[in-house]
Amino acid sequence: MLDDQIILGFETSCDETAIAILKGDELLVNTISSQVDIHEKFGGVVPEVASRAHAEMIRNIFHASLNSANLQISDIDIVSTTDGPGLVGSLVVGYNFAKSVAWSIDKPFLTVDHMVGHLAAPLIENRTMKPPFMTLLVSGGHTQIVLVEEWGNYQLLGTTIDDAAGEAFDKLSRFCGFGFPGGPAIQKIGEGGDPNKIELPRPKTKHEYNYSFSGLKTAATNFLNNLDPNDKVTKADFAASYQEAIVDSLLSNFVKAVNETGVKNISGGGGVMANSRLREKMNIFAEKNDLNIYLPTPKLSTDNAAMICVAAQNNLITNDINTDDVRLSSIIT
Ligand code: KG4
Ligand code: ZN
């Protein structure tokens, strides 16, 4: 039944206006319109500017997405959208647009948690991912180790007590003028640099699986402020060392959680999972320990609406449904 159903998904929780269409396991469209150019000059996402840009773009992106899939609005069977967490003004634009579409065609309306979207993203390309698995969710706002014992049963084992991993990249990048968003900028600048050139801390917290990144960021800025002009440290060494410190910190708690629970499947998601060094180290860990690993490709790690479609579909299959149904058929009984 679900094999043929056409699911339309919206994702507008931050600065991407994203719309996707999934038919069974075939991704028909994955449109991502980024606002990076708009926010770049501010060095970060300006919430009010982001929601206005979503409001201006969403209608055209919706029509372009339908056209590129060669579909009419009436062909859609299910409408899904992110309902949080994220920037409220941005979320409201996608949520209300999606709900209006569902209402106008009298079709079910499913809401999806943004982090559950990231968690489900590997399914877009690999349907064999099944619980139990441990996932590392790393984005601009969250850093989470989640044990998925079964679909819908998400145990948060560890989280950050201050900055998220993506925030640690973004804030240092802004401080150094490396570019926005910070993660890809630091990765690029660090290419060819020596990741062990600068000694930076791998912060620990009281709770064994929690993270802390604010001290690392301070250590890195202190290093720059106290840099002796005669020190032979290149920008590439500095960026590579900072990236390595974040990746090592992320891995060490995740590895501990995997080893202590004994799960045999691991996965990841969120924008920071697009990082090539993090992916490399996750893959090495999986290979050495004979684990199955499911990582979304970099394009599906950062925000997109395909992950919302696949999470909505998976929630339907596993009967873990959230809805704010506006269909006349559900109101008039
Ligand atoms: O999941 P995401 O696209 O949006 C949020 O839900 O926040 O994650 C965005 C974050 C940003 O902090 C960005 O700097 C980071 O992901 N990011 C990266 C890379 N690409 C995006 N961090 C490290 N390396 C990358 N290649
Ligand atoms: Zn995200």
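This is a predicted model: local features need pLDDT of at least 70, side-chain atom pairs count only at pLDDT 80 or more; totals for chains, interfaces and linings use all residues.
Residues are numbered from 1 along each chain as its sequence is written, and side-chain values use heavy atoms, with hydrogens and water left out.

Let's start inside. The largest nonpolar core has 40 residues, and Leu250 and Phe254 have the most contacts inside it. By core I mean buried Ala, Val, Leu, Ile, Met, Phe, Trp, Tyr and Cys residues joined through side-chain atoms within 4.5 Å. Helix 8 gives the largest share, 11 residues.

Now, salt bridges: a side-chain nitrogen of Lys or Arg within 4 Å of a carboxyl oxygen of Asp or Glu. That rule gives 9 of them. Asp163 pairs with Lys171 at 3.1 Å, N to O, and with Lys217 at 2.9 Å. Lys217 lies in helix 7 and Asp163 in the loop between strand 8 (153-159) and helix 5, so this pair ties together parts 54 residues apart in sequence. Asp163 is buried, at 7% relative accessible area, while Lys171 is partly exposed at 28%. Here buried is under 20%, exposed over 50%, and partly exposed in between, with a 1.4 Å probe and protein chains only.

Which residue does Asp248 form a salt bridge with? That's Lys281, with the closest N and O atoms 2.7 Å apart. Asp248 sits in helix 8 and Lys281 in helix 9, 33 residues apart.

Finally, the loop between strand 2 (16-23) and strand 3 (26-34) holds Asp25, which is exposed at 56%.

Definitions and conventions. Chains are lettered from A and ligands numbered from 1 in the order in which they are written. Helices (H or I, at least four residues) and strands (E, at least two) are DSSP runs, numbered from the N terminus.
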